[in-house]
Amino acid sequence: MCTRRGIVRIMEPLAKKIFKGVLVAELVGIFGTYCLFNKMNTSQDFRQTMSKKFPFILEVYYKSVEHSGMYGIRIQDQEKWLNSK
């Protein structure tokens, strides 16, 4: 028969592994998000690719940039893309 302390001792290593896994997953997600934002922030061609494949992600980018006080990127992109057709 297992006692309460015995169950806790068995669960502690599992809980630590789960915590480490969640922490690593969050760090990978944050790093990936930063890389994606940086690529969109520096490359108008990449933003055009994103507008074709993942328009909802590009919309989040535009809104976050506009929320930070930088306006006009969306308009510049639309003007260039219309002129290049």
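Author: A definition comes before the count: a salt bridge is a side-chain nitrogen of Lys or Arg within 4 Å of a carboxyl oxygen of Asp or Glu. This is a predicted model, in which local features need pLDDT of at least 70 and side-chain atom pairs count only at pLDDT 80 or more, while totals for chains, interfaces and linings use all residues. Residues are numbered from 1 along each chain as its sequence is written, and side-chain values use heavy atoms, with hydrogens and water left out.

Reader: How many salt bridges are in the whole structure?

Author: The search finds 4. In one of them Lys 80 meets Asp 45, at 3.6 Å from N to O.

Reader: Where do Lys 80 and Asp 45 sit in the chain?

Author: Lys 80 is in helix α4 and Asp 45 is in helix α2 (residues 44-53), so the pair links parts of the chain that are 35 residues apart. Helices here are DSSP runs of H or I with at least four residues, strands are runs of E with at least two, and both are numbered from the N terminus.

Reader: Is Lys 80 buried, exposed or partly exposed?

Author: Lys 80 is partly exposed, with a relative accessible area of 37%. The scale is under 20% for buried, over 50% for exposed and partly exposed in between, with a 1.4 Å probe and protein chains only.

Reader: Which residue does Arg 74 pair with?

Author: Arg 74 forms a salt bridge with Glu 59, and the closest N and O atoms are 3.0 Å apart. Arg 74 is in α4 and Glu 59 is in α3, 15 residues apart. Arg 74 also meets Glu 66 in a salt bridge, at 3.3 Å from N to O. Through shared partners, Glu 59, Glu 66 and Arg 74 form one network.

Reader: Change of topic. What is the overall fold made of?

Author: The chain has 4 helices and 0 strands, in the pattern α-α-α-α. Of its 85 residues, 14% are buried.

Reader: Which residues make up the largest nonpolar core?

Author: There are 8: Met 40, Met 50, Leu 58, Tyr 61, Tyr 62, Val 65, Ile 73 and Trp 81. A nonpolar core is a set of buried Ala, Val, Leu, Ile, Met, Phe, Trp, Tyr and Cys residues joined through side-chain atoms within 4.5 Å. Two or more of the core residues come from each of α3 (55-67) and α4 (73-83), and α3 gives the largest share, 4 residues.

Reader: What does Trp 81 touch?

Author: Trp 81 touches Gln 44, Arg 47, Gln 48, Ser 51, Leu 58 and Tyr 62, leaving out residues up to four places away in sequence. Contact means heavy atoms within 4.5 Å.

Reader: And Ser 51, where is it?

Author: Ser 51 lies in helix α2 and is partly exposed, at 24% relative accessible area. Beyond its neighbours within four places in sequence, Ser 51 is in contact with Leu 58 and Trp 81.

Reader: At what angle do α3 and α4 pack?

Author: The angle is about 135°, with the axes 9 Å apart. Axes are lines fitted to C-alpha atoms, for helices over the stretch in contact, and angles run from 0 to 180 degrees between N-to-C directions. α3 and α4 are therefore oblique to each other. For reference, under 35 degrees is roughly parallel, over 145 roughly antiparallel, 65 to 115 roughly perpendicular, and the rest oblique.

Reader: What classes of residue make that contact?

Author: The contact of α3 with α4 has 6 nonpolar, no polar and 5 charged residues. Ala, Val, Leu, Ile, Met, Phe, Trp, Tyr, Cys and Pro count as nonpolar, Asp, Glu, Lys and Arg as charged, and the others, Gly among them, as polar.

Reader: How do α2 and α4 cross?

Author: Their axes come within 11 Å and cross at roughly 80°, which makes α2 roughly perpendicular to α4. That contact divides into 2 nonpolar, 4 polar and 4 charged residues.

Reader: Last pair: how do α2 and α3 cross?

Author: The axes of α2 and α3 come within 6 Å and cross at roughly 130°, so the two helices are oblique to each other. Their contact has 6 nonpolar, 1 polar and 3 charged residues.
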